[in-house]
Amino acid sequence: MKDHEFRPKPLLTKREKEVFELLVQDKTTKEIAQQLFISEKTVRNHISNTMQKLGVKGRSQAVIELVRLGYLKI
């Protein structure tokens with residue numbers, strides 16, 4: 001099997017990464033929703049899904065873990 005045939009699935013979807021990049025810029029859920037043209041509920045779902053993937057209980061813990069893993073820069 002060649003290297004390009006097997007790639008692990010990325011931890012975050014493109015949209016989840018976009019949401020957290022805006023979150024660390026101190027954007028509110030409403031501002032993120034407006035900027036990405038999605039509902040506030042969808043923003044909360046992306047945040048919740050990411051927290052579940054990381055096994056953390058809050059947005060702050062998710063941000064810390066994403067920085068630690070190299071998915072976010074602050």
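This is a predicted model: local features need pLDDT of at least 70, side-chain atom pairs count only at pLDDT 80 or more; totals for chains, interfaces and linings use all residues.
**Entry 1: helix H1, buried side**

I began with helix H1, residues 14-23, and looked up which of its residues are buried: Glu16, Val19, Phe20, Leu22 and Leu23. These residues lie on the same side of H1, because they cover an arc of only 160° around the axis. I note for reference that an α-helix has 3.6 residues a turn, so residues three or four places apart point the same way.

Next I asked what covers the buried residues of H1. The cover includes helix H2 (29-36), helix H3 (40-54) and helix H4 (59-69).

**Entry 2: the whole chain**

I stepped back to the overall content. The protein has 4 helices and 0 strands, and from the N terminus on I read the order of elements as α-α-α-α. Taken along the principal axes, the C-alpha atoms fill a box of roughly 45 × 25 × 20 Å. Of the 74 residues, 31% are buried. I also looked at contacts with a separation of 6 or more: 51% of them join residues 24 or more positions apart.

**Entry 3: H1 against H2**

I took the helix pairs one at a time. The axes of H1 and H2 come within 10 Å and cross at roughly 130°. The two helices are therefore oblique to each other. I logged the crossing of H1 past H2 as right-handed. From H1, the contact draws on Arg15, Glu18, Val19, Leu22 and Leu23; from H2, it draws on Ile32, Gln35 and Leu36. Sorted by class, this contact has 5 nonpolar, 1 polar and 2 charged residues.

**Entry 4: H1 against H3**

For H1 and H3 I found a packing angle of about 100°, with the axes 9 Å apart. An angle of 65 to 115 degrees counts as roughly perpendicular, and H1 and H3 are therefore roughly perpendicular to each other. On the H1 side I listed Arg15, Glu16, Val19, Phe20 and Leu23. On the H3 side I listed Val43, His46, Ile47, Asn49, Thr50 and Lys53. By class, the contact of H1 with H3 has 5 nonpolar, 3 polar and 3 charged residues.

**Entry 5: His46**

Is His46 buried or exposed? Its relative accessible area is 15%, and the cut-off for buried is under 20%, so His46 counts as buried. I looked up its contacts, leaving aside neighbours within four places in sequence. His46 is in contact with Arg15, Glu16, Val19, Phe20 and Ile38.

**Entry 6: helix H4**

Which residues are buried in H4? I found Ala62, Val63, Glu65 and Leu66. Seen down the axis of H4, they fall within an arc of 165°, so they line one face of the helix. On the other side of H4 I found Ser60, Ile64 and Arg68 exposed. What covers the buried residues of H4 includes H1 and H3. For H1, I had noted H4 as part of its cover.

Last, I checked what comes after the helix. H4 is followed by Gly70, and the phi of Gly70 is positive, near 90°.

Conventions: Residues are numbered from 1 along each chain as its sequence is written. Side-chain values use heavy atoms; hydrogens and water are left out. Buried means under 20% relative accessible area, exposed over 50%, partly exposed in between (1.4 Å probe, protein chains only). The arc is that of the directions from the helix axis to the C-beta atoms. Contact means heavy atoms within 4.5 Å. Axes are lines fitted to C-alpha atoms, for helices over the stretch in contact, and angles run from 0 to 180 degrees between N-to-C directions. Angles under 35 degrees count as roughly parallel, over 145 as roughly antiparallel, 65 to 115 as roughly perpendicular and the rest as oblique. A crossing is left-handed if the near helix is turned anticlockwise from the far one by less than a right angle, and right-handed if clockwise. Ala, Val, Leu, Ile, Met, Phe, Trp, Tyr, Cys and Pro count as nonpolar, Asp, Glu, Lys and Arg as charged, and the others, Gly among them, as polar.
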